[in-house]
Amino acid sequence: MDGRQCGWRARKTINAFDAAVLRVAMRQLSLHTGIVDELFDYLRDLDLPTDHFAVFGSGPLIVRGWVKGTNDLDVICRGSAWEKACAGGIVSCDERYDVSLASHCSGRVTFGTSWGIGEFDVDELINTSELIDGLPFVRLEHVIEYKQVRSSPKDLLHLEQYKVATSAAKTRS
């Protein structure tokens, strides 16, 4: 894995921030605690070209704090990001979905060049992704479509949490 590990990284102290910035920083830390922070940091540290990958699955909901973080990240990629993911990971094929994968961090970060559930154009998903905290995330409309197609209990819960979060945001505006 090119000398990188998925261990905990030391956080910079925030005592130098003024009170307002401290409140924002504490909110961010509470939204992305534990394993999710670690995995987002790991993904940033890979220094992949942001126009060649995007976080998909639950990641776009997690980064916004709308659903509880999980223990893994799903990443779609192409070109040089895929080459780099393969070079530093374990390459396999998920025959259920006919998808090539490159796994990092004992499978907690999984890269793929296609998405096995639903009909998605990976290039469109990457090209229209949103940059949040230095990482590209698939746009919410695509995430919602995927979760509706998959309809697992977790996905249905995430859809409900999304509705609650977005209706609360509309109420505040």
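**Close-up 1. K147, a buried lysine, and its partners.** At 0% relative accessibility, K147 counts as buried, where buried means under 20% relative accessible area, exposed means over 50% and partly exposed falls in between (1.4 Å probe, protein chains only). A salt bridge ties the side chain of K147 to that of D155 (2.7 Å, N to O); the term stands for a side-chain nitrogen of Lys or Arg within 4 Å of a carboxyl oxygen of Asp or Glu. D155 is buried as well, with a relative accessible area of 0%. Keep in mind that this is a predicted model: local features need pLDDT of at least 70, side-chain atom pairs count only at pLDDT 80 or more, and totals for chains, interfaces and linings use all residues. Residues are numbered from 1 along each chain as its sequence is written, and side-chain values use heavy atoms, with hydrogens and water left out.

**Close-up 2. H158 on helix α7.** H158 sits in α7, which spans residues 153-172; helices here are DSSP runs of H or I with at least four residues, strands are E runs of at least two, and both are numbered from the N terminus. Is H158 buried or exposed? H158 is buried, with a relative accessible area of 5%. Its side chain makes a polar contact with the side chain of K147 at 3.1 Å. For that label, a pair of N or O atoms must lie within 3.5 Å; within protein, one must be able to donate a hydrogen and the other to accept it, and residues adjacent in sequence count only if both atoms are side-chain atoms. Leaving out residues up to four places away in sequence, H158 touches S58, L61, V67 and K147, with contact taken as heavy atoms within 4.5 Å.

**Close-up 3. V67, in the loop between α3 and β2.** V67 lies in the loop that runs between these two elements, and at 5% relative accessibility V67 counts as buried. Which residues does V67 touch, not counting those up to four places away in sequence? The list is S58, L61, I62, H158 and Q161. V67 and E160 are 93 residues apart in sequence, yet their C-alpha atoms are 9.6 Å apart in space.

**Close-up 4. E130 and its two arginines.** E130 is found in strand β6 and is partly exposed at 24% relative accessibility. Its side chain meets that of R64 in a salt bridge (2.7 Å, N to O). R139 counts as partly exposed, with 30% relative accessibility. Beyond four places in sequence, E130 touches R64, L135, P136, F137, V138, R139 and L140. The C-alpha atoms of E130 and A54 are separated by 8.4 Å, although the two residues are 76 apart along the chain. For the whole structure, the salt bridge count is 9.

Close-up 5. How do β1 and β2 pair, in the parallel or the antiparallel sense? They pair in the antiparallel sense over 4 bridges, and pairing requires that DSSP finds at least two bridges between the strands. The bridge partner of A54 in β2 is I76.

**Close-up 6. Helix α6 and its buried residues.** In α6 (residues 140-150), L140, H142, V143, I144, Y146 and K147 are buried. The buried residues of α6 pack against β1, α3, α5 (122-127), β6 and α7. Just after the helix, S151 takes a positive phi of about 55°.

Close-up 7. How many disulfides does the structure hold? The count is 0, with a disulfide taken as a pair of cysteine sulfur atoms within 2.5 Å. For C86, the closest cysteine sulfur is in C77, and at 7.2 Å that sulfur is too far for a bond. C86 is partly exposed, with a relative accessible area of 22%. C93 also counts as partly exposed, at 43% relative accessibility.
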